[in-house]
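Please open the structure in a viewer and keep the selection tool at hand. The stops below are taken one after another.

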Amino acid sequence: MVCGLCCATICSASESPPPSDPSLLHLEEVRWGFDNNIQLQEFNLLSLKVHNVSSNPWNGPLRLTQVLPGRQPLGIPLQLDVALGPEESRWVQFTVMLNDSLEGWFLDWGGGEFGTLELQTPAAGPRPTVLIYNPDTVLSTTSPLRRMPEELFPQNLAGTASLRGVIFHTVPFWTGARVRTLREWLNGGGRVYLLKTSQGSYPRFPSGMDFLNQESNEYSVGAGVVKRLPFTLEDLDIDAARNLLFNDDRPSISATGRSTMLNQYGYMPPTEAVGWQRHEWASRELRKLAIFKRPWLLIYLAVACYLVTLFPVCYRLGQDHAEVRWFYITFFGSVLIFSALFVGLGQVGGHEFNRLRSLGAARELEEGVFDVTQWTMACARSDGTYHLTLAGNGAAVHGLNDLEAFPGSYDCSTNELTMDMAPASTLGLYQRNRVTSSLQRPHLANFEQTANAVQSAQVSPGPDFDKSAIAAWLVHRDVAYPLDISEAVWKLSRQHRSMGISGIITPADQQSIGPLGMWRTSAPAESDIPEAEQVILERIRPLLIAAAFQQSAAVDERRCRVPEGQVRLLIQRSLPDDFKVPSADFPDQRGTLLFTFDYPTGSESLR
């Protein structure tokens, strides 16, 4: 269900000391998300400040489990090994998926009265834009901005999934992982706002963050935006904050239009959003790809032949032949032969290996680095305990079955997932992680556009995509143009028409009313009828494009477009080796990923 990251010293040695006395560890503070609000159906930060009250070092695991009322466990239990020095306080962080604000969380670091605590989930709110501040400095108490201490900014990309924007009025004391996370989050579509210092100048960032030092009032960094605002923190009032910080990416919507949408749909999502049941759809389609198939046609034919052998063949032998031995020879011979045949045909995956089937989107953050959003279905041939070490680093993971406990656990210290599986069973996972790869970026050239449309473009896919590509599109603004991939150089397809991104994600014939009157995008019902893998991959394509545009519980129109001055290349291909899970327990791995590459339209190389 969830995955984690720790800001503390992690005990990952193979032989760790025994856990310390749980009564010597106190939980001093709990902070959810970036502003103590959460995003449903999205990965959220959970920050815990722990304190060792003894004069000796403390070490042991923190175990976090999602629970229903009555402490009924739900989802994947997490474990994080933590070590603290004498009388030391430190923040540790988990990255958790939240489905409902009514669900609770149970934290255990040794059991008993002093080693457990139940955490309540806060209310859901809008995607936050927060002021990053130094907790050792004094800030104005009248500022309209929500705030986050700089020491709590996540060190992995999955932790930023629910973050809309950050505000700087001073330079944070960041190095290493936090600087990398900020840069990659911004490249992927984040928003950074710079306020003037009390001296009237903008902050000057060190070399690792010098991408924030440009003199322009507004400029792009990858798919993200950096804005300089002519205010100090003390001068910023609520009206300026609302217009310049919180809603600057919203399209203009009249009050009448907003009221009409609320009256029509009867609930309060973002005004540009439609409900989206992505995990349910992915789980259903992946199960069709992963499950072991029984040869039903051969089984039915064998049953028919067995019945014919018993009657009328054995019956006529008993009636017409005087020597009864032929009846017994035929009867018992057919029983033995067909018994062996049924044993062979009835074995589920008898000649198969444990398998993983996956689908998702991989968004290029910088050369050789990808932000991967992926659904995976594990299928085991026989019962046992199986292990997966998730690819990449900083992984966040969530179980696709939201109604019961996950039979296993996830060790956040080692990225290792343990699963207890029954014969011929499946377990579904949703994960987000950062993966490095040697895949070469395709080359885009001869790009021409008018004010409203793309006129021509050529893509040289390179050796990593020319043979493995399944489909490709070029996206300009909010319109996707299919590419003809049948030739060595891809060009705009004249056989398929262009289509808006929001129309691809939520086609009209797939929208339906779900429980409680909520809109949802439905998938075909579960069926035992075998389907070709290609058919399933084509049907699941809207989900992949939604993941490429960072859609979660709702389809947000603001995120269904490419920033001005850029064009986006989408390529669906088979799962590369760099993106597979290194696991000896699951040797059979297949899947598909939708790769995303952004190009500046003003670049000379595109002409």
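Helices (H or I, at least four residues) and strands (E, at least two) are DSSP runs, numbered from the N terminus. This is a predicted model, in which local features need pLDDT of at least 70, side-chain atom pairs count only at pLDDT 80 or more, and totals for chains, interfaces and linings use all residues. Residues are numbered from 1 along each chain as its sequence is written, and side-chain values use heavy atoms, with hydrogens and water left out.

Select Ala 424 to begin, in the loop between strand 20 and strand 21 (425-436). Its phi is near 55 degrees, a positive value in a residue other than glycine. Most residues other than glycine have a negative phi. Ala 424 counts as partly exposed because its relative accessibility is 36%; buried means under 20% relative accessible area, exposed over 50%, and partly exposed in between (1.4 Å probe, protein chains only).

Next, select Asn 415, in the loop between strand 19 (408-411) and strand 20 (416-421). Asn 415 is not a glycine, yet has a positive phi of about 60 degrees. With 12% relative accessibility, Asn 415 counts as buried.

Move on to helix 5 (residues 296-320), where Leu 297 is found. Leu 297 is exposed because its relative accessibility is 62%. Pro 312 also lies in helix 5, and the peptide bond from Phe 311 to Pro 312 is cis, with omega near 20 degrees.

Finally, select Arg 278 in helix 4 (residues 278-290).
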